[in-house]
Amino acid sequence: MGGAVRTAESLAWLSASAADEPGEAGEVRLVLVLPLLREQAVIAEVLAHFEKTMAARPGTVLLVVTTAREEAERAESRSQLPGLARAVSAGVPSGRVASRFVGLLPREQLLALAGEFSRRPYGECRERVRQAVDALPSTAELASQLCARARGRGVDVRHLHYPHTGGAMAHQVNYAADSFLGELGPEERAGWWIGLYNADSRPHPDTLAAVAARAAAPEARIVQQSALFTGNLAQMPPGMAGATAAGAAWLQSRWTLAREIPRLRRQAAAARSGRRGVPLAHCVGHGLFVRADQWSAWGGLPTELMNEDLAAGFLACAAGVPIDPVPVLEIGDSPSTLRALVRQQSQWFWSYAQYPAMVRLAAARDVGTPAVRWRLAATGLVRGALWLGQSPAVAATVVLPWLHRRAGGSPRSTVAAACGSALALGSYLALPARALAARAPSGNGTSRTWRWRAGAGMVPAALLFSAGPWHCLARAAWCRLSGRAVRHGKTER
């Protein structure tokens with residue numbers, strides 16, 4: 001029930017704050033950084049959306065950052081072409097082909113290949129696969145063309161290419177932001193803010209005005225826009241797997257409203273009050289805005305850990321810097337397959353496993369006291385443990401009536417146990433999502449996407465939600481035992 005209450009409170013805050021957004025933001029200037037890796041399928045749509053968003057705030061700059069990692073991995077992936085051709089020729093279902101070879105070609109292209117050439121001769125499939133891979137332009141090539149066209153329309157969109165093959169997204173972002181700030185003198189940097197998004201981001205049209213209004217406060221140094229993950233619900237595949245993926249999107253959106261926004265509001269209030277014990281809140285790499293002088297003081301995003309955004313939030317909390325939530329939501333996409341969902345959450349969980357490393361990171365940068373650093377880390381570790389136990393707790397709630405009956409409970413008490421389980425699941429899952437669908441601010445499309453299949457999928461999604469964290473721990477253990485390096489993953493389409 002607490003989640004439903006906090007969800008309603010967050011929605012009320014969003015509505016009230018958006019209506020009363022104050023502040024003169026004329027001196028705030030924004031540069032948005034958009035790192036891309038293997039985003040051929042969506043780059044045109046993404047840049048078109050950002051061009052419309054930037055129109056609301058003239059003078060905004062967009063830096064589109066591709067990476068040499070894509071070309072290097074593309075060359076390595078050519079060894080998979082015979083395997084892809086064999087799978088298509090053998091009639092492997094298109095969904096399995098797309099999941100197994102995602103990253104070699106965009107998902108939609110893999111599905112089309114598997115459908116059109118299923119059970120064709122191997123030689124024919126091999127040639128068609130080779131042609132498809134050879135014909136696929138790189139993200140850098142597309143970015144260069146699209147950015148040039150945008151500049152022809154008077155939009156300040158710039159393409160940069162990170163030249164190293166080993167970097168992750170944080171390296172791309174730091175490269176672009178540092179290149180931009182390096183062109184400015186110390187006085188010219190005043191008023192500039194660095195904003196981060198990714199290819200899944202679809203900022204609200206009012207985003208830049210709301211961010212600038214928050215950033216105009218003299219003490220503002222970090223502004224965070226939160227996201228709902230409902231942008232691609234209409235594109236979820238059919239069947240139970242698609243319903244589960246849609247349910248996971250609602251669960252993650254529920255978490256934004258029931259956990260992320262309340263924590264950000266408490267953290268910002270505590271940091272501004274100057275009192276001791278600023279609580280732990282985290283930054284998110286999409287929708288994060290950092291003032292240029294704070295960015296320079298950090299030396300950019302932390303690159304020492306697997307996930308840069310939670311590490312940045314840890315540094316901010318340890319230093320007592322407020323992370324101000326902006327009262328306009330971004331609409332992002334959610335993984336459309338269960339495999340992609342587990343991999344994404346496995347990647348996210350790395351931050352929880354690395355809270356002790358964040359303590360060392362903050363100590364190396366002389367941020368916070370040892371007591372503050374370890375208090376924040378302990379909070380993060382407890383939250384990670386709760387995430388690990390989320391699915392087992394939901395499973396126990398689901399099977400409670402059956403266990404009660406097996407233990408010799410009477411029919412009446414079994415019915416009471418079933419009603420209690422249904423009430424618990426309803427208050428934990430359905431009520432917050434229903435409140436979101438019914439009361440979310442207009443314009444984000446959530447009320448139109450509340451369908452029975454998303455609601456039905458929330459229970460299996462909740463049963464799966466801890467799989468990613470456990471996968472992360474297993475992966476970490478395997479890498480430790482085998483001596484293999486861990487590489488930052490990507491949520492593939």
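## A buried helix

A residue counts as buried when its relative accessible area is under 20%. By that cut-off, seven of the nine residues of helix α4 (residues 81–89) are buried in this predicted model, so the helix is largely enclosed by the rest of the structure. The buried residues are Leu 81, Gly 83, Leu 84, Ala 85, Ala 87, Val 88 and Ser 89.

After α4 comes Gly 91, which has a positive phi near 80°.

When neighbours within four places in sequence are left aside, Ser 99 is in contact with Arg 107 and Arg 339.

## Salt bridges

The whole structure contains 14 salt bridges. One of them joins Arg 38 to Glu 73, with the closest N and O atoms 2.4 Å apart. This pair links distant parts of the chain, 35 residues apart: Arg 38 sits in the loop between β1 (29–35) and α2 (43–55), while Glu 73 is in helix α3. Both Arg 38 and Glu 73 are buried.

Another salt bridge is made by Asp 324 and Arg 272, whose closest N and O atoms are 2.3 Å apart. Asp 324 is in strand β8 (residues 323–332) and Arg 272 is in helix α11 (residues 239–273), so this pair ties together parts that are 52 residues apart in sequence. With a relative accessible area of 7%, Asp 324 is buried. Arg 272, at 34% relative accessibility, counts as partly exposed.

Glu 124 is partly exposed, at 34% relative accessibility. Arg 120 is partly exposed as well, with a relative accessible area of 31%.

## Two helices packed at an angle

Two packed helices are described by the angle between their axes and the distance between the axes. Helix α14 (residues 338–353) packs against helix α15 (residues 355–364) at an angle of about 60°, and the two axes are 5 Å apart. At this angle α14 is oblique to α15. On the α14 side, the contact is made by Ser 351, Tyr 352 and Ala 353. On the α15 side, Tyr 355, Pro 356 and Met 358 take part.

## A nonpolar patch on the surface

The surface carries a nonpolar patch formed by Val 398, Val 399, Trp 402, Leu 403 and Leu 463. Together these residues have about 430 Å² of accessible area. Helix α16 (residues 370–406) contributes the largest share of the patch, with four residues. Trp 402 is located in α16.

Notes: Residues are numbered from 1 along each chain as its sequence is written. This is a predicted model: local features need pLDDT of at least 70, side-chain atom pairs count only at pLDDT 80 or more; totals for chains, interfaces and linings use all residues. Side-chain values use heavy atoms; hydrogens and water are left out. Buried means under 20% relative accessible area, exposed over 50%, partly exposed in between (1.4 Å probe, protein chains only). Helices (H or I, at least four residues) and strands (E, at least two) are DSSP runs, numbered from the N terminus. A salt bridge is a side-chain nitrogen of Lys or Arg within 4 Å of a carboxyl oxygen of Asp or Glu. Patches are made of residues with over 30% relative accessible area and no salt bridge: like charges are joined within 9 Å, nonpolar side chains (Val, Leu, Ile, Met, Phe, Trp, Tyr) within 5 Å. Accessible areas come from the Shrake-Rupley method with a 1.4 Å probe; for residues, only the protein chains shown count as cover. Axes are lines fitted to C-alpha atoms, for helices over the stretch in contact, and angles run from 0 to 180 degrees between N-to-C directions. Angles under 35 degrees count as roughly parallel, over 145 as roughly antiparallel, 65 to 115 as roughly perpendicular and the rest as oblique. Contact means heavy atoms within 4.5 Å.
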